[in-house]
Each structure stands twice: as structure tokens, then as C-alpha cells.
Amino acid sequence: MLSSKHIGAEESLHQPGSVIHWVLVNDGTVQWPHGTTLRLVSGPVLATPIMEVPSAAPGQTLEVDLELDVKAEGHAAYALVTPCGQPFGEILQFHVEKKDEVEISSCVILKAPESCMEGLQGEVKTLQWTLANMSNVSWPADACCQLFYNTPGFAKLPSDIDIPQEVPGGLTVEMEVPVLLPEQSGHFKAMWAIFSPSVPTFGEILIAEFEVSDFLFMEWMLVADEVESFASSETQSETQSSPTPCSPRPISAEHLMHQHIFVGNQEVVYPEEMERNGFVSLGKISGAGSWILQMILRNDGTMAWEDCALTCCFGSGFGCSRLGNVEAEPGEAVQLCVELTVETPGTSAWVLSFGGMCFGPVFIAEVV
């Protein structure tokens with residue numbers, strides 16, 4: 001008796017352009033004849049209405065892959081047919097249906113301030129960004145902009161910035177942010193995140209970076225009682241204004257390396273530039289599931305890390321909002337192991353924190 005049976009998981013719903021994988025077994029008592037074909041017996045006309053299959057002995061299994069036509073939709077059925085036109089075995093049925101593609105609103109920075117601006121102590125600077133909605137749908141109504149990173153000492157910054165709501169697709173907007181520079185010289189940086197609680201893939205990061213110079217007249221007033229003559233004070237000001245090598249920061253961190261240890265079918269792709277503007281890309285990870293992130297960081301400052309933590313400063317954190325007890329002496333390297341879990345696409349960022357302040361680079365991972 002000629003017979004055929006489909007074994008394995010039954011998948012009844014497929015999308016155009018996908019491939020159906022069937023495992024068939026000859027559960028009859030005679031061998032399938034040579035010239036047996038798998039034929040479309042009902043449903044839309046697909047790219048492969050007839051497919052020749054090898055002969056199979058009783059108990060033998062056979063794997064068949066069927067590629068669905070990109071334009072085909074509807075319910076279809078296939079059956080094994082002998083060379084003389086006699087169908088036999090189990091009918092293979094499935095449904096082909098296109099998924100509605102939902103466009104997601106986007107926020108793109110068209111114009112940003114200089115990568116590193118110069119300023120004086122206590123000076124007020126106005127930053128300007130040009131943002132664009134490059135999609136065909138409006139920005140989400142709950143879109144907001146919040147400060148998530150600032151260099152120690154760069155404290156007088158707006159924590160929340162008003163951004164236009166529900167910007168239509170194809171429109172650009174201007175954002176101006178006044179910033180008061182610290183009353184001390186040095187290198188300072190601040191970052192704000194544009195995000196939406198309801199749309200995980202929506203967002204951008206605004207960066208402001210300054211090289212703050214001494215305001216010499218203020219320095220003169222502080223040491224006026226020690227100035228012996230106009231000539232000596234003039235010499236002193238020239239010495240202070242001359243460039244000097246950058247000294248190590250008291251509390252700082254350097255990224256040495258990292259790796260992802262996947263337990264599923266995830267993959268990671270890195271952008272061309274791994275590290276720039278204080279960011280370290282942890283890559284774009286494809287595929288949901290759980291994995292382990294290992295990082296090696298070095299204390300390149302002059303102060304020991306005590307009770308520091310790797311803290312999520314943007315996004316959901318993929319299951320890791322905070323990893324505490326990060327300690328290292330100056331010059332010492334430390335390894336961090338973080339277990340991450342994700343079910344929906346999105347972007348998250350982490351930074352080292354200590355006593356209410358952040359330091360070191362910002363680590364960013366994106367799941368697509």
C-alpha cells in the first residue's frame with residue numbers, strides 16, 4: 001500500500017517569500033515509484049506547483065523544502081502523486097498571509113554642535129541641534145529628553161528638555177539648550193537621551209563637550225594679597241595660560257575589551273567605529289533570548305573604585321539595571337559579567353557610577 005505521513009511540528013501559517021520545510025516518511029508497505037511528484041492540488045498558484053521527489057522505501061524519511069512565491073496569499077494544499085496521476089498519503093496544508101508592516105517613527109540628528117567647544121569658567125553657552133523625523137508617521141506623544149550622563153563638576157545642567165510633541169513625518173525641528181559652564185577649568189561632557197516609553201526603538205543621544213579655560217582675572221583676585229608687583233603677576237598669568245599636559249583624572253575608567261557569550265541563535269555586528277565621543281559600542285545583537293556580556297575595564301585614574309556600580313542610564317537595561325560592588329585600585333583591571341535578557345528590540349546604555357556621579361565611557365548595545 002502506498003502511503004506518506006508528515007512528521008515534526010506543524011506550522012500552518014507562513015509569510016510570502018518564506019520556505020516551508022517538511023519531513024515526510026513512507027509509512028506504507030511498498031516503495032514510492034520513481035517519478036513521484038509533490039503537486040499543488042488547491043489554492044493560489046505558487047512558484048513551484050510541481051516538485052519531483054526521490055523514491056523512498058518503506059520506513060524511509062525524506063526532507064522537502066518549498067519556497068513560497070512572494071506575491072502568493074491564501075490557503076494551499078499539496079499531495080504526493082504517482083507518475084500515473086494517483087494521489088496518495090497525507091495532504092499537506094498551510095496558509096500564506098502577508099503581515100502588515102507597521103512603520104516606526106524616527107528621530108535623526110541633522111546638525112549638532114561642534115564635537116568639542118571652548119569656553120570660559122561660568123560662561124553661558126547656547127547649544128543647538130536640528131532634528132528630523134525621517135519616517136512617514138508622527139513622533140510618539142510621550143517622547144521626551146532627559147539628562148543621563150555628565151562629568152563630575154558639570155552640575156548646573158537642565159535635567160529635562162522640552163521637545164516638540166507629535167512631529168509629523170518629514171518635518172525638521174530646532175532645539176536650543178542653554179548651558180552654564182562649570183566655575184573650574186577642565187574637560188566636561190554632558191549627554192541627553194531622546195526616547196519614548198511606548199516606542200523602544202525611538203530615540204537619539206545629544207552630546208555636548210567643552211574644554212573650559214581659566215578665567216584669569218578671577219584667579220588674580222583670589223591671589224591678590226600674594227602678588228608683589230605688576231610684573232610678577234603678568235609673568236604668573238602667562239605661565240598659567242600656557243598649555244600644559246593633561247593630568248590623569250581622579251576617578252576614571254578605560255575600556256579594554258568585551259565579548260558576548262551567546263546560548264541561542266543570536267549574532268552580533270559592530271559598526272565601523274567601535275569607540276568615539278566617549279561611547280563604546282557593544283554591537284548590534286540580532287535575535288531575542290539570553291546571553292552573557294563580559295567586559296574588562298581598567299582604572300586609569302588616581303582614585304580607587306569603591307562601591308562603584310555599572311548602572312543603566314538609557315533604555316530598559318535588558319534585565320540589568322544595576323551591577324554593584326565594582327572595585328579596582330588605580331591601574332588595576334577588573335572583569336564584569338552581566339546576564340542580559342531581551343524579548344523586544346531596543347537600545348540600552350550603561351555607565352559606571354559612584355556617589356551620585358558618572359564616569360568613564362558610555363556602553364551602548366542595540367538589539368534588532
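Two strands pair if DSSP finds at least two bridges between them, and strands (E, at least two residues) are DSSP runs numbered from the N terminus. The model is predicted, so local features need pLDDT of at least 70 and side-chain atom pairs count only at pLDDT 80 or more, while totals for chains, interfaces and linings use all residues. Residues are numbered from 1 along each chain as its sequence is written, and side-chain values use heavy atoms, with hydrogens and water left out.

**Exercise 1.** Determine which strands pair with β12, and in which sense.

*Solution.* Begin with strand β15 (residues 186-195), which is joined to β12 by 6 bridges and runs antiparallel to it; here Cys144 faces Phe195 of β15. Turn next to strand β13 (residues 160-161), which pairs with β12 over 2 bridges, again in the antiparallel sense, and where Ile161 of β13 stands opposite Cys145.

**Exercise 2.** Classify the ring pair of Phe148 and Phe314, and locate both residues.

*Solution.* Rings of Phe, Tyr and Trp (its six-membered ring) pair if their centres lie within 6.5 Å, and planes under 30 degrees apart count as stacked, over 60 as edge-to-face and the rest as tilted. The centres of Phe148 and Phe314 are 6.3 Å apart with the planes at 35°, so the pair is tilted. Phe148 belongs to strand β12 (residues 144-150) and Phe314 to strand β22 (residues 305-314), 166 residues apart. Both residues are buried (under 20% relative accessible area, with exposed over 50% and partly exposed in between; 1.4 Å probe, protein chains only).

Terms used: Helix = DSSP H or I, 4+ residues; strand = E, 2+ residues; numbered from the N terminus.
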